[in-house]
Amino acid sequence: MRFEDQLIDILPRLRRFARGLAGSAADADDLCQAAIERALKSQGQWQQGTRLDSWMYRITRNLWIDERRASGRRGVHAPIDEAAVQVAGDTADSVEAGTLRGDIDGAMARLPDEQREVVILVLVEGYAYREAAEILDVPIGTVTSRLARGRDTLMHLLGEAA
Amino acid sequence: MTYDKAIIAAFVDGELDDLTARRIEREAATDAALADEIARHRALTDRLQRHYGPVADETIPDDLLKLLARSEAEAPAPAADTSLAARREAKRTRFAPMHWGAIAASLVLGLALGTQPWGAPADVATEGGALVASGALAAALDTQLASNQGADAPVRIGLSFRDRAGRTCRSFEGAALAGIGCRSDDGWTLERTMPGNRQADYRQAGSGDLAAAAAAMMAGDPFDEAAERKARAEGWR
């Protein structure tokens with residue numbers, strides 16, 4: 001199968017991953033576009049027989065982190081959901097449990113990037129811890145601890161704490 | 001409750017070995033606090049998947065598709081009257097890496113699975129680096145219902161269920177190979193494989209492991225007869 005066709009097959013899931021990372025549909029598609037361009041350019045670096053989806057997720061995630069760092073330096077805040085803006089400034093702990101009941105975008109936007117990406121890879125995309133660790137280039141223990149913190153915050157904000 | 005949160009999370013994420021997973025399942029049946037904690041973790045996963053899942057079903061914006069279509073159009077079209085040397089070169093660059101990869105993959109696969117790699121047609125193929133069902137196995141996964149299969153069917157379907165990523169998955173058992181296939185756009189990706197029931201020594205362990213693996217992957221209950229029929233009618237999506 002043509003490299004481009006394999007990318008097209010992955011696109012629906014890649015858009016979902018990007019939506020989780022970026023929050024808004026427009027930002028997510030910009031991110032996908034940048035990731036596809038990068039992938040087409042560095043096609044030679046992808047090794048046949050390895051998972052193209054993992055490779056694409058890694059490219060997408062790295063571009064997103066670069067973008068976040070760059071906008072941080074410029075003093076630009078990445079757009080996040082309005083509901084999240086209303087409670088921004090508080091740490092998750094000081095926000096009343098269930099504040100963002102039903103507002104998953106808002107709750108996700110409040111997670112630190114490194115927790116959000118783990119939550120999406122494992123809980124939404126269904127990657128094994130080991131695979132997520134490979135995509136993110138971190139040890140498995142880092143994946144599990146970030147996932148645990150992300151989960152706790154989400155349960156708290158979404159009102160799933162017992 | 002004797003398990004810490006990390007273990008419960010790993011259980012819900014399908015990361016535990018079968019033995020531990022089964023022990024937790026058994027304990028959850030009588031330990032309400034444990035069952036609650038599992039349910040709380042599952043509820044979060046379900047909510048996230050319900051929220052983000054539909055994104056993958058959206059129509060892909062033309063801008064993105066154009067990027068991938070255009071790069072094809074830009075590729076140099078082979079001239080009509082190229083020399084033999086040029087043709088040979090084009091052929092080599094186009095096919096060589098992929099072919100060798102595929103041959104190596106099927107060799108490894110044949111050795112690993114203990115099947116006959118040269119027998120026709122194989123039950124397993126590779127697609128983008130993943131194992132996928134093909135031949136008679138793919139046909140069985142596509143068409144065979146657990147509620148209505150012949151006693152002599154070469155592949156027996158076990159459970160059909162939805163996994164945490166929302167895919168339809170089916171466990172199967174054949175003479176050489178047993179496992180769990182999950183339906184994606186590329187066909188049935190084999191998420192678990194183990195020796196089939198021809199290896200008599202494995203028979204008992206094999207079916208138990210398979211059921212435990214299925215239980216660990218499952219979101220909700222396995223399909224009943226009606227749900228299985230309906231899923232087949234909908235192409236297992």
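In chain B of this predicted model, residues 24 or more positions apart account for 49% of the contacts with a separation of 6 or more. Chain B has 237 residues, and buried residues make up 25% of them. Its secondary structure comes to eight helices and six strands. Read from the N terminus, the order of elements is α-α-α-α-α-β-β-α-β-β-β-β-α-α.

**Contact between the chains**

Between the two chains, 38 residues of chain B are in contact with 40 residues of chain A. On the chain B side, the elements that give two or more residues are α1 (5-12), α3 (32-52), α4 (62-74) and α5 (84-113). The largest share of that side comes from α3(B), with 10 residues. By residue class, the side of chain B that touches chain A divides into 19 nonpolar, seven polar and 12 charged residues.

In soluble globular proteins, nonpolar side chains tend to be buried together. Here the largest nonpolar core holds 55 residues, and the members that touch the most others are A:Leu14, A:Ala18, A:Leu31, A:Ala35, A:Met56, A:Val122 and A:Ala132. Helix α1 (residues 3-22) of chain A supplies the largest share of this core, eight residues. Another core lies apart from it and has 25 residues, including B:Val155, B:Ile157, B:Leu210 and B:Ala216.

Which residues is A:Ala18 in contact with, leaving aside its neighbours within four places in sequence? They are A:Ala28, A:Leu31, A:Cys32 and A:Thr60. Of these, A:Leu31 is also listed with A:Ala18 among the core members that touch the most others.

**Helices α6 and α7 of chain A**

Helix α6 (residues 113-124) of chain A packs against helix α7 (residues 129-136) of chain A at an angle of about 135°, with the axes 10 Å apart. Because of this angle, α6(A) is oblique to α7(A). The crossing of the two helices is right-handed.

From α6(A), the residues A:Glu117, A:Val118, A:Leu121 and A:Val122 meet A:Tyr129, A:Ala132, A:Ile135 and A:Leu136 of α7(A).

Key
Residues are numbered from 1 along each chain as its sequence is written. Chains are lettered from A and ligands numbered from 1 in the order in which they are written. This is a predicted model: local features need pLDDT of at least 70, side-chain atom pairs count only at pLDDT 80 or more; totals for chains, interfaces and linings use all residues. A nonpolar core is a set of buried Ala, Val, Leu, Ile, Met, Phe, Trp, Tyr and Cys residues joined through C-beta atoms within 7 Å. A residue is buried if 20 or more other C-beta atoms lie within 10 Å of its own, exposed if 12 or fewer, and partly exposed in between; C-beta atoms are placed from the backbone. Helices (H or I, at least four residues) and strands (E, at least two) are DSSP runs, numbered from the N terminus. Two residues are in contact if their C-beta atoms, placed from the backbone, lie within 7 Å. Ala, Val, Leu, Ile, Met, Phe, Trp, Tyr, Cys and Pro count as nonpolar, Asp, Glu, Lys and Arg as charged, and the others, Gly among them, as polar. Axes are lines fitted to C-alpha atoms, for helices over the stretch in contact, and angles run from 0 to 180 degrees between N-to-C directions. Angles under 35 degrees count as roughly parallel, over 145 as roughly antiparallel, 65 to 115 as roughly perpendicular and the rest as oblique. A crossing is left-handed if the near helix is turned anticlockwise from the far one by less than a right angle, and right-handed if clockwise.
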